[in-house]
Amino acid sequence: MSLQNIPMSILRFQYKLVRIPLGLFETNVVQALSTEAPARLAYERTVGTLDKKLGSVLGDKEAVRQGEAQVHHVDQLAKA
């Protein structure tokens, strides 16, 4: 691993750490809301956008894919 890769590795690790409490919040609070509740849609869009943007910056294609899928899902629910 080169010295240039170390900062990106640290950022990826920190992002994974941040996602842990977000996942717990989603499991314990957001899942209790109706699937079409405005607060739930706003949360899911925000997290999806965050995953998409940070995944792109960090070179994490899986995070980008998940973020895009989540934003697309919210868009579909909002249209319905």
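Is Asp 75 buried, exposed or partly exposed? Asp 75 is partly exposed, at a relative accessible area of 28%. The cut-offs: buried is under 20% relative accessible area, exposed is over 50%, and partly exposed is in between, with a 1.4 Å probe and protein chains only as cover.

Some ground rules. This is a predicted model, where local features need pLDDT of at least 70, side-chain atom pairs count only at pLDDT 80 or more, and totals for chains, interfaces and linings use all residues. Residues are numbered from 1 along each chain as its sequence is written, and side-chain values use heavy atoms, with hydrogens and water left out.

Now the overall layout. The chain has three helices and zero strands. In sequence order, the pattern reads α-α-α. Helices here are DSSP runs of H or I with at least four residues, strands are runs of E with at least two, and numbering starts at the N terminus. The C-alpha atoms fill a box of roughly 50 × 25 × 15 Å along the principal axes. The chain has 80 residues, and 25% of them count as buried.

Contacts next. A contact means heavy atoms within 4.5 Å. Take the contacts with a separation of 6 or more: residues 24 or more positions apart account for 42% of them.

Surface. Areas come from the Shrake-Rupley method with a 1.4 Å probe; for residues, only the protein chains shown count as cover.

Which residues make the nonpolar surface patch of about 420 Å²? They are Phe 13, Leu 17, Ile 20 and Leu 24. Patch members need over 30% relative accessible area and no salt bridge; nonpolar side chains (Val, Leu, Ile, Met, Phe, Trp, Tyr) are joined within 5 Å, like charges within 9 Å. Leu 24 sits in helix 1, residues 5-28. Leu 24 is exposed, at 52% relative accessible area.

On to charge. There are 10 positive and 8 negative side chains, with the centres of the two sets 5 Å apart. Lys and Arg count as positive, Asp and Glu as negative; His and the chain ends are not counted. Each charge is placed at NZ of Lys, CZ of Arg, CG of Asp or CD of Glu.

How many salt bridges does a search of the whole structure find? Four. The criterion is a side-chain nitrogen of Lys or Arg within 4 Å of a carboxyl oxygen of Asp or Glu. I will go through some of them.

Asp 75 pairs with Arg 45, the closest N and O atoms being 2.7 Å apart. Asp 75 lies in helix 3 (residues 61-79) and Arg 45 in helix 2, so this bridge ties together parts 30 residues apart in sequence. Arg 45 is partly exposed, at 33% relative accessibility.

Glu 44 and Arg 40 form a salt bridge at 3.0 Å, N to O. Both residues are buried. They are four residues apart in helix 2 (residues 38-58), so about one helical turn separates them.

Arg 65 bridges to Glu 62 at 2.6 Å between the closest N and O atoms. Both lie in helix 3, three residues apart, about one turn. Arg 65 is partly exposed at 45%, and Glu 62 is partly exposed at 40%.

Last, a charge without a partner. Glu 26 lies in helix 1. Glu 26 is buried yet has no salt bridge. The nearest side chain of opposite charge, Arg 19, is 5.1 Å away. Leaving out residues up to four places away in sequence, Glu 26 touches Gln 31 and Tyr 43.
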